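Visitor: I am new to this one. Please show me the structure, then let me ask about its parts.

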Amino acid sequence: MTTEGEETAPSAPRAALAWRAVAGRLSWGLADQAASSLTNFAVGIYVARSLGPAAFGVFSLAWVTYGVVLNVSRGLATDPLMVRFSAVPAASWRAAVARSSGTALGVGTALGAACAVVGLILGGTVGLAFVWLGVVLPALLLQDAWRFAFFAAGSGRKAVVNDLVWGVTLIPAMVVAARVGSVAAFVVAWGASAALAAVYGCVQSGIRPRVTGARGWLREHRDLGYRYLVENVSLSGAVQLRAYGLGAIVGVGAVGVVRGAELLLGPFLAVLMGLSLVTVAEAARVLRQAPHRLAKFCLLLGGGQAAAALLWGAALLLVPDRGGELVLGAVWTSASELIVPATLGVAGAGLGVGAAAGLRALGAARRSLRSQLFASACYVTGGLGGAAVAGTIGSAWGVAAATLSGSAVWWLHLRSALRAHHQPPIREVRTP
């Protein structure tokens, strides 16, 4: 007869191994984001140094537009993939990835054509940059789709390798673009290197994107896709509205000060973004393998990120003025005053990431959308209301309060979703 202690003793090593596997996959997410962030940082610095402020502004417009389109693609194509096809049999994953990547390619082609038309209408340097952005958008979105596909399969190493291929091929492409000396050349170089990485993703996965399956994918996952689309766009839109409003209320210099404070938190934000690549997939695995542990996983995930943000902010407060001026120059004096509220805002966002991962793993798209819309509305209201009352510092404190409030709403919705998930269905009682 087996005693209770004998039954539970082997479970501890298994649990330790499971958490070790989770930590390993999360570390690949961090490594992938590090590679991606370094590539983006290098591109920005190189283009700025090569073209000067005015031309770099044009390139930045193309970059921001790419960010918006990327959120559209993720909402429709890769977010549903992460929710419904993480930790599934290989055959199901391959079929889903073929259609998901085909959807991303289709979104890139459609919105790329729109960008090209807008570019032709605008004309000039800006117009030419948008024309070429339209040409390379399909490759950029397909490369991003492979990253999410690999993380859904638990193969984060392949995503890292793919990003490294993009980064390595980008180096000679940027050198050639610098010799040409135009914004369009840099856009082409950026997109062409992404195209090589996208093709390599096909080789890595052995999967060919099925653009013809895009319509079926959108139809089957419309309950998630369209809500995630609105959710993603509302997030990026809230950030843009706060920036534009802050510039109008306080002045353009205030936007630069806020950006400086964000740069101080940049390394931690890169960690936050890296974890976001794998948190939904990991939460989905926990839900399938041990549903009762999902709440604990989300709490550890969100609480760990919030604690790390607070530690990073505390370290920034110890940086001497000479060191800060070495990094930010004259911006340091004003940006350093925002360290405390900016840190609290990032900590609140990190705490909310844990609840957001749980909601997406549960497929609770309606609750997730409500939470994000509330958080976005709070972000804009707090940022602009604070700016109207107390300028730049008021905006920073307003955003901090808004982010913490939004995080609370995320967790309230997760608690309700978990209760609904664990509640047994009511059986129909038939009377004779």
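Predicted model: local features only at pLDDT ≥ 70, side-chain atom pairs only at ≥ 80, totals over all residues.

Visitor: How many helices and strands does the chain have?

Guide: Both are DSSP runs, numbered from the N terminus: helices are H or I with at least four residues, strands are E with at least two. The secondary structure comes to 16 helices and 0 strands.

Visitor: What share of the chain is buried?

Guide: Buried means under 20% relative accessible area, exposed means over 50%, and partly exposed lies in between (1.4 Å probe, protein chains only). The chain has 432 residues. Buried residues make up 49% of them.

Visitor: Which residues of H12 are buried?

Guide: Cys 298 is one of them, with a relative accessible area of 0%.

Visitor: How many disulfides does the structure hold?

Guide: A disulfide is a pair of cysteine sulfur atoms within 2.5 Å. Cys 115 is buried, at 9% relative accessible area. Cys 298 is buried too, at 0%. The number of disulfides is 0.

Visitor: How many salt bridges does the structure hold?

Guide: A salt bridge is a side-chain nitrogen of Lys or Arg within 4 Å of a carboxyl oxygen of Asp or Glu. One of them joins Asp 223 and Arg 84. The total is 7.

Visitor: How many residues apart in sequence are the parts tied together by Asp 223 and Arg 84?

Guide: The two side chains meet at 2.6 Å, N to O. Asp 223 lies in helix H9 (residues 222–249) and Arg 84 in helix H3, so the pair ties together parts with a sequence separation of 139 residues. Asp 223 is partly exposed at 32% relative accessibility. Arg 84 is partly exposed at 27%, and the separation asked for is 139 residues.

Visitor: Is Arg 99 buried or exposed?

Guide: Arg 99 forms a salt bridge with Glu 220 at 3.0 Å, N to O. Glu 220 lies in helix H8 (residues 214–220) and Arg 99 in helix H4 (residues 90–122), so the pair ties together parts 121 residues apart in sequence. Glu 220 is partly exposed, at 45%. Arg 99 has 14% relative accessibility and counts as buried.

Visitor: Which residues are linked in a network of salt bridges?

Guide: Arg 147 and Asp 163 meet at 3.1 Å, N to O. Arg 147 sits in helix H5 (residues 124–152) and Asp 163 in helix H6 (residues 156–180), 16 residues apart. Arg 147 is buried at 5% relative accessibility, and Asp 163 is buried at 2%. The network links Arg 74, Asp 144, Arg 147 and Asp 163.

Visitor: Which residues does Asp 79 touch, beyond those up to four places away in sequence?

Guide: Asp 79 lies in helix H3 (residues 53–84). Asp 79 is buried, with a relative accessible area of 9%. Contact means heavy atoms within 4.5 Å. By that cut-off its partners are Arg 74, Tyr 228, Asn 232 and Arg 360.

Visitor: How far apart in space are Gly 201 and Gln 143?

Guide: Gly 201 is found in helix H7 (residues 183–205) and is buried, at 0%. Beyond its neighbours within four places in sequence, Gly 201 is in contact with Trp 146, Phe 150 and Asn 162. Gly 201 and Gln 143 are 58 residues apart in sequence; C-alpha to C-alpha, their distance is 7.1 Å.

Note on methods
Residues numbered from 1 in each chain as written. Heavy atoms only, no water.
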